[in-house]
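Please find below a colleague's note on the model shown here.

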Amino acid sequence: MTSKIYNLFLLLVFFTLNKGFCTTIYHESFTIYNKGAVGVIGSKPVVDMDGVSWQLDFKECNLQNESDYLKTVSTSGGRLEAKDINGEAVWYSPWIKTKRYRNLQLSFIAKETGSGKNEKTKYLKLYITDANGNRYEVNSFMGNWGSFDGSVQIAETDSMQIEARICTHYSSDKVILDEVHLAGDRTIIGHDSDTEVASCYKEAKRIKANPADTVELFRLKVKDLASSDQLPTIPSQLFFSKTENSFKLDCFDTLFFMKGAEMIYPDSLIVNNENGVLFFLNQQLLIKSGTVEELAIRGVLKSQLNDGDSLQMVIDGDNHMWKTDTIGSGFASNFIADIYSNKIEVNVVGGSIDIVESPQWLRPDSVFIIAARLIDQFENVDMDSVGLFLQVNNAELIAPFEFSAGTYSWRYKCGEEAGLKLSVQSKDEKVKKSWEIPVFRMPEWVYAFDFEKENLQVDNWADFHRTDSIPLAGDFSLKHREESKSPSDLHFRFDKKYLFGEQFYWKVLLRNGNWSPSSANRFSYWLVTDNEELEYANGIALGVNLDDKSDRLQLWRMKEGKADSILMNSDFVWGKKTMAELEVSFEKDNRWKLLIKSGSDTWTTTSVVQKSDVFPFDYGGFQYFFTASRAGEFWLDNLELVTDNRKPELSAISIPEHGKLILSFTEPVSMANNGIEILNEDGEILKHQIVSIDKNRVELTFDVRNSFLFQLRLKEYSDLKNLKGQIKEEWFESYAVPEKGEIVFNEIMFEPADGNPEFIEIRNTSNRYFELNDLYLKKESDVEEANSGKGLVNFKDRIAPGEIIALTTDSLALVNSNLEGCFEQFRTSNIPTLVNSGMTLYLGNKRGKSVDELSYSPKQHHPFLKETKGVSLERSEKDGQAYWYSAAQDVGFSTPGCGNSQNEAIVDNICMELEPEVITPNGDGENDHVELKYDLPQAGFLIQAEIYNSNGFVIDHWLNNQLLGTNGALIWKTDGKRVAPGFYVMIIELLHPEGSVYRAKKSFAVSASKN
C-alpha cells in the first residue's frame, strides 16, 4: 500500500466516523490587510509580515513592479491574493495542536480570476504536514477552476501545519485563498480496570527489505482478571514506545492482529504513525471477563527502510495503555515486563541499478565521473556493502572507486574520439545496466530558429505566420494560418559545408490544437531531404500516421514523399492538444535516438539501422495535412539542427567545504574572475578567486561573510569555440564545519518529570552558520568511530550564530509538556538515551573531530534541592571553563530552547571561613556565636546568607543584599532564640554589579555545653 493510498485510507475511515465538527481549532480569515510582499521596480520587494501568525515564502517569485504582489487585501472583508508573481509562492499556517481532537475537517475558499487556463502557471495546491514531517496533498486547483468553497477530511495527528502553494504568471490573473478553517471533535475515552498483559515472544531474525514480507512483531497473552466490574476488555487504543533506533509504526504499510487463528483485519485498525498508536474500530478484539487470549501482532514492511537498519519496538511496562470504549470503569492495567518486538535487521538485495551521475557526451581526453547505486524495487539503497563493478572501454581509470552513502563513484579519463560503452553490474552478477556515451570533437551549428526575430531564413512559409498569441516559448512562435489549404509545406536549405557530420541533433517544440491524428490530420518533420518539394522528396521524417496506421510518434525513411520503412517506433501517442519537445540524434554508426518531453514525463527510444542512404542532404522541412476545420491548429518553435554543437551549460554545483565551490559544465569552458559574482542573502557582492579551471570543472574560493545562503551569478563564460554560455543565477547554501568550542552543550534534562521527554540543548558560540545534520552526538569517546551513525537531525536544518537548539527524541511531546520554553527552537533528534546516574556525552563534527563534551551527574544539582527529577542542569562559564547549575525555580526548573536562567560569571580568589566549628549559645561569653570572615578581590559585593538545619529547613534568613568591603567579619547570633543542638549549614551567595557570582556552603555545629 503506497503512502498516498494509505493517507486516502485514513481519510475515508475518518469520514465514515464523522459525527459533526463542533470545535474550531484554527481559523484564518486574513482580516489584517497589506501583509505580504509587493514588487518594486529595480529593487527588492517590500515585505510586511508584522502582526500575523502565518508565514510566506516568495523566494521562487519574481515581483518586478508595484502591480505584482502577494498580500492580504480588504476585498470581501479580507483575503490573501497573488497577482503576477511569476513563480510559486508558499503560505504556511502556524503549527496547530490537534492532539485532543478527532474527525478533523479543513475548509477553505480557493478562487481564481482572469482568462489564463495554463495549469502550470495558475494554480493553488493545499498540503498538510504533521510533526513527524509526513506531508501529503489534500486538494489542488489548476488552470481556470473558478471558485471552490468547501471542506476536506484530514487524518488524525497530534499537530499539523497547513501549506498552500500558489502560482500566477499574468497581470490579468489572480489566485485567492480565504477562510482557512480547521475543526474537529474533542476525544473522550474511558478505560477498563482489570487487564493484565504478559510477553511470551522475543526472538530476533534477519530479513530482506521487501514489503511483501509479513513480520511477526509481538506475541502477547491478554487476561481479563474478572474483578468486581465484570466488564470485558475491549481495546480501542494501544500505545507503542519508540526504541533506541527511533523505529515507529510507520515502518509498516499494514498492521494486523491474530487472535488465535482469527485475523483482525487491517481495515479494522487505524495506525497513527506519529505517536505509535493503534486504533481499533470495532469489538473484534474483545477479551471476555475472566478469560485469557493469546494475540500476535504482525505487519507488512513498508518500502521506505534503510539498508542496515536494526528495527525494534517496545510496549513499555510502565507507560503503555489499554483503553476501552467502556465509560466510567476506571483504568489500572500493567505488564509483567516490557514487551519487545522481533529485532528486524534490514538487508537490501539489489533489484536494479540507479545511475546517479553520467555525462551525456564527452570530448576526447576529458575527465569524467560515473556514480551509481544498487537499489531494490522499493527504492531501498544498498548502504552497507561494496557490491557494484564498472566496465568501460576507451577510458583510463585515474582514481580508485569510492563508496559513500550508498553511492559508488569512479573517475575516468576519456580516450580518443569514439563512443564509450559502459556496464555496471552487482557483485552477484544478477543486476546489470549498460549504456553508451558519445565522444566527439567541437560541434557546429547548422541552423537555429526561435522565431523571436522577423528575418526568418526559411523558404516557402506563406502557410505559417509568426505570432505572439500563446507562444510555446519566448515571446513568439510559428503558427499555421487558418486560411491555408492542405497540405501546407515549410522547408529550409542547408549550407553545403555541413553535408558530412559525425553526429547530428534535431530539436523542435510542437503543439497541435483540438484534433486527433488520422490519415487526414497528420504532420511530418522532415529531418533531411534531397528535394524542397516534399511530395517528391527522399529522406527521413518524424511524425504520426505517415503510413495511415498509427497515432504513435514514429521515424520513417521516406521515398518519393511516402513512408517506405520504419526506423524507430516510440511509445508516445500523439493526441488532442498535445505539446512536446522532440529531440532526434543520429550518430555515424547509424544509431538513432529519440527523446520526447511532454509535461513532466519523458520517453526515450533508440534504434540501429543497417544503412542510411540520405547523406549528403540539402533540405529539411515540415508538412501538415489537415481537414478544413483543423486549419490554424498547429504551432512550432525552437527549431534547431546542430552537428554536435551545444552552448556550454552549468550542470552541477558542489560545495566541498565552506567557502569553496566547484562548478561543473557540460563541456570545457573559458572563464575569468569578472565572469562570476557571488552575493550573500543581503545582496552584498563577496570577494572570490578562481583557483583552477580543469576543462569542464572550475574551482573557486569566496568570502563567506558569516552567511549561509549565497547567490551565484554566471555573467560571462564560453566554450573552446567561443560559444558563450547562458547567463545564469543559482542560489546555494554553504555551511562551515564547527571547531572545538564553537558548538557547546548548554543545558541538559536527563531525568525529566513523568510524561516529559529528555532533552539536550546546544548553543552556537561562533559567528558562523553550521548544519545540524553534520554534527554527531554519541556516548563513545571516539567520535570519528561514532560518526558512522546518523546526524543530530534527519533533515536539512541549521544553527545560526548565537542560536540555541533543544534536541529531543520527541519535539511534539516537549511542546505539549508543562515546561516553559522557546518552542520554535525544538528539534526532533537522534540523541541517545540519557542515564539518570550520569554519563559522558561527546559532540563531534563530520570530520570526526570533537567539538564539545559533557560529563553530567545528579551531584551537580543544588545541594538543597529535595527533588531533582524534572530539573535541568544549565551551563555557565569562567575563563573558558564550564560550570553547571540547577535551573532556577522561577522558570519552572528548565529553559529548553531559551537562554539559561543561571547565566552568570564565576569569580575566584575569594576567601570565606566560619569560626568556630562548634558554638555553645548559652550566654557565657565563650563561643556564643558564629563569625564569618571574608577576604574579597574587589569591593562592591552584596551578600545573601541563610541558615538551614539538618532537615533542610531555613531557621534564619540572616543577610539580605548587605554590601561588603574587601575584607572583614560578620557575626551570626541566636539572639535569644532556642536553637536545638545539632548540625547546621550556612548557604552564602555573593553578587557583584558587574555580574560576578560566588556561592559557598559552610557547616557548623551547635552544642548544649562547652564540651
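**Salt bridges, an open sheet and a buried serine**

1. Glu88, Arg135, Glu163 and Arg165 are joined in a network of salt bridges. The model is a predicted one, and it holds 26 salt bridges in total.

2. Arg165 belongs to strand S13 (residues 159-168) and Glu88 to strand S7 (residues 88-92), so the pair ties together parts 77 residues apart in sequence. Arg165 also forms a salt bridge with Glu163 (2.6 Å, N to O). Glu163 and Arg165 are both buried, whereas Glu88 is partly exposed, at 22% relative accessibility.

3. A further salt bridge links Lys660 and Glu699, with 3.5 Å between the closest N and O atoms. Lys660 lies in strand S52 (residues 660-665) and Glu699 in strand S57 (residues 697-702), so this pair connects parts 39 residues apart in sequence. Glu699 is buried, with a relative accessible area of 15%.

4. Six strands form an open sheet in the order S40-S49-S42-S43-S44-S45, with antiparallel pairing. Strands S40 (488-493) and S45 (562-573) each have a single partner strand, so one side of each is left without a neighbour in the sheet. The twist from one strand to the next averages 15 degrees. S40 is joined to the antiparallel strand S49 (residues 619-625) by six bridges, and Arg493 stands opposite Tyr619 in S49.

5. Ser872 is located in the loop between strands S69 (850-856) and S70 (873-878). Ser872 is buried, at 0% relative accessible area, and its side chain makes a polar contact of 2.6 Å with the side chain of Glu747. Residues touched by Ser872 include Phe759, His861, Tyr885 and Phe893.

Key:
Residues are numbered from 1 along each chain as its sequence is written. This is a predicted model: local features need pLDDT of at least 70, side-chain atom pairs count only at pLDDT 80 or more; totals for chains, interfaces and linings use all residues. Side-chain values use heavy atoms; hydrogens and water are left out. Two strands pair if DSSP finds at least two bridges between them. Helices (H or I, at least four residues) and strands (E, at least two) are DSSP runs, numbered from the N terminus. Axes are lines fitted to C-alpha atoms, for helices over the stretch in contact, and angles run from 0 to 180 degrees between N-to-C directions. Buried means under 20% relative accessible area, exposed over 50%, partly exposed in between (1.4 Å probe, protein chains only). A polar contact is a pair of N or O atoms within 3.5 Å; within protein, one must be able to donate a hydrogen and the other to accept it, and residues adjacent in sequence count only if both atoms are side-chain atoms. Contact means heavy atoms within 4.5 Å. A salt bridge is a side-chain nitrogen of Lys or Arg within 4 Å of a carboxyl oxygen of Asp or Glu. Lists of a residue's contacts leave out its neighbours within four places in sequence.
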